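Me: Could you take a close look at the surroundings of the two ligands in this model? I'd like one connected account, please.

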Amino acid sequence: MRLSSLVLPALMLMASTSAQADAPKPVLPEPLGERCVEPTEVMRARHWEFILHQRDETVHRGIRTTKHSLKNCLECHVRANEAGEYPRASSPEHYCSACHIYAGVRIDCFECHADRPHAAYDALEHHGRLRTEDVKRPEEPQP
Ligand code: HEC
Ligand code: HEC
Ligand code: HEC
């Protein structure tokens, strides 16, 4: 991996962050685990490349791994609050949405994919049926 491809987006992100220094910063919930699946600054600068690459590998080439799976991100990053409730993707308390709402980024991923970790579904009525594996097939007619 060439260094320049890492450094430039990081600098751009830093520049855009300092330009917004007067706006309130997104509050990111503390993740589980010692470290991310890639170095933190790399993830901050271009996490979407890893997930979108993972999607293409799985959906188009049938290669299924967990390192950059969307589900894996949520297992560490989407945490229950003190009341034991897991935030939905519509909430700024949701790890991914904390930044996206702040930065005005819209993603449609959670229209199909589960927006919470495995544990969040254990208490639900449809136990075990709302997992990432069970996402709606794009070819299925949507109601
Ligand atoms: C094993 C647990 C774990 C997994 C799995 C994981 N992360 Fe992380 N992530 C972390 C930790 C720990 C940090 C570092 C937080 C810090 O330094 O404050 C981090 C940092 C990040 C950051 C930078 C946040 C910041 O402070 O700017 C982003 C963005 C991120 N992760 C996204 C993802 C995405 C997307 C995935 C799935 C492809 C993922 N993570 C998978 C634990 C994880
Ligand atoms: C540290 C802030 C931050 C965190 C945390 C974060 N994102 Fe992002 N994300 C961004 C920014 C900023 C962009 C827009 C990048 C651009 O378009 O230049 C983005 C873009 C994306 C995109 C690409 C959108 C597109 O239109 O191509 C995806 C997919 C994405 N994020 C998924 C996630 C997921 C899933 C999580 C949670 C596991 C997450 N992000 C957490 C800041 C963050
Ligand atoms: C219209 C429904 C739909 C939308 C919207 C959607 N996906 Fe998917 N996605 C799927 C289906 C169906 C699969 C295949 C599920 C499988 O085989 O596990 C899939 C598979 C994936 C995979 C591979 C499985 C894994 O987790 O490793 C990733 C990664 C992924 N999608 C990420 C995304 C991201 C990021 C977005 C938003 C930018 C997104 N998807 C939006 C339906 C969708």
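Reply: Happy to! By class, the shell around ligand 1 holds 10 nonpolar, six polar and three charged residues; here Ala, Val, Leu, Ile, Met, Phe, Trp, Tyr, Cys and Pro count as nonpolar, Asp, Glu, Lys and Arg as charged, and the others, Gly among them, as polar. A word on the basis: this is a predicted model, in which local features need pLDDT of at least 70, side-chain atom pairs count only at pLDDT 80 or more, and totals for chains, interfaces and linings use all residues. Residues are numbered from 1 along each chain as its sequence is written, while chains are lettered from A and ligands numbered from 1 in the order in which they are written.

Around ligand 1 there are 19 residues, of which G33, C36, M43, C73 and C76 come nearest (a residue is near if its C-beta atom, placed from the backbone, lies within 6 Å of the molecule). The largest share, six residues, comes from α2.

That helix has its own features: α2 bends by about 85° at R46, the bend being the angle between axes fitted to the seven residues ending there and the seven starting there. Just after α2, G62 takes a positive phi of about 70°.

Now to ligand 2, which has 16 residues around it, with W48, C73, C96, C99 and A103 coming nearest. Here α2, α3 and α4 (95–103) each supply at least two residues, and α4 gives the largest share, five residues. This shell comprises 12 nonpolar, three polar and one charged residues.

How values were computed:
Helices (H or I, at least four residues) and strands (E, at least two) are DSSP runs, numbered from the N terminus.
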